[in-house]
Amino acid sequence: MDEHRIHLLLTKLAGNTINEQEFEELMLLLRQAESDDAVQSPFDKTWSGLTPASQLSPVEAQSLYDQIKENPRFSEDVPVLKPRRWLAYAAGILVLIGAGVAAWLLTKPAGQPALVYEEVLAPAGKRVRLVLEDSTEVWLNNGSKLKYPVAFTGNTRELYIEGEACFDVTRRDQQPFIVHSGDVAVKVLGTVFNIQAYQQSQLAVTVVSGKVSVAAGTTSLGILYPNQKLEYEAASRQAKVVTVNAASLLAWKKGELIMDNVTMEQAAAIIGRWYNVQVELGNDAIRNCRFSLSFLHGENIGEVMKMICELNGCSWKMSGSNIIISGKGC
């Protein structure tokens, strides 16, 4: 989980500068923190430096939370938080909301329906296709998750992706389509593009048709056209655009496993998601071996590993769902 992003959202909340989309993202993260320690820990670390809410006793925090939670003005937008060690700062967030931090929530027109979100997960080893309310087609690659509105009722169509997805977007000139991953937003009207963001630290956007704009926060990263790919490193906040064969990068939609000029470390992550296995590299010499291979006919894990190891001068052994690659490597 990106601590920088959590810190930014909480700082904006405390500083009364958070917008509607950022608030929804923060509420989603709070929900996830209930069951995911990787999300929980950055909240613990970050919140302590932003508010004195941690001084509340558990009883005071629970009482305050219950009072605000039951207020109908917040019932559709505030997550139903279970008592955890972070209940005190959850209550602190609600105090800030009650003080007017999220004024847009209090003043939205009566009867305007709140956005209802759903989430879909493509588990390891599986791909998922879905069609959104606006007829946009989405393919989720294995190990990916998409949060999307059941209906697009606002001025924009906004979704949130973790992992990799291909979007064939229905054009609506007055309602731009925006895909968020961390603090990066990809904005289109109608186009086909692929976004890969399995790690918050790295992101890639590839355009098949149409054009898209990519931004990190308020910083524009570029405008992409067909067969262009933008690669972004969050740590350095640097982006580069390269020319690619976009069609080959979308072969995963057809069940074709194509690894083009990848390192063994990258291949281990790809194979792990594709076959739902854990791949371990026995030594650092193997890690940076680089190769290209295509598997177009649903080859099993044994066939894939045999070819990869023959090409890179190594051997492999599988025990259950764990694979260990060893040898001197390239």
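When I call a residue buried in this talk, I mean that its relative accessible area is under 20%. With that cut-off in mind, and remembering throughout that what we have here is a predicted model, I can say that buried residues make up 44% of the 330 residues in the protein.

Let me begin with the overall make-up. The secondary structure comes to ten helices and 18 strands, and, if we take the contacts between residues at least 6 apart in sequence, 50% of them join residues that are at least 24 apart.

Now to the interior. As a general background, nonpolar side chains in soluble globular proteins tend to be buried together. In this model the largest nonpolar core holds 32 residues, and the members that touch the most others in it are Leu146, Phe167 and Phe193. The element that gives the most to this core is strand 5, residues 157–168, which supplies four residues. Apart from this core lies another one, of 29 residues, and Trp274, Ile286, Leu293 and Met305 are among them.

Which residues does Leu146 touch, once we leave out those up to four places away in sequence? The list includes Glu118, Glu119 and Val120, then Leu130, Val138 and Leu140, and also Leu159, Tyr160, Ile161 and Phe167.

Phe167, you will recall, is one of the residues touching the most other members of the largest core, and Val138 and Phe167 are both touched by Leu146.

Finally, let us turn to the largest pocket, which has a volume of about 1,400 Å³. What lines this pocket, and which residues lie nearest its centre? Its lining is made of 45 residues, and those nearest the centre are Gln196, Lys229, Val262, Gln266 and Ile270. Among the elements that give two or more residues to the lining are strand 8 (192–199), strand 12 (228–233), strand 14 (257–263) and helix 8 (264–275). Sorted by class, the lining has 21 nonpolar, 14 polar and ten charged residues.

Notes
Residues numbered from 1 in each chain as written. Predicted model: local features only at pLDDT ≥ 70, side-chain atom pairs only at ≥ 80, totals over all residues. Heavy atoms only, no water. Core = buried A, V, L, I, M, F, W, Y, C linked by side-chain atoms within 4.5 Å. Buried < 20%, exposed > 50% of the residue type's maximum accessible area, 1.4 Å probe, protein only. Contact = heavy atoms within 4.5 Å. 1 Å grid on protein atoms, 1.4 Å probe; cavity = no way out; pocket = protein on both sides within 12 Å on 5 of 7 lines; lining within 4 Å. Points joined across faces, edges and corners; volume = space filled by probe spheres on them. Nonpolar A, V, L, I, M, F, W, Y, C, P; charged D, E, K, R; others polar.
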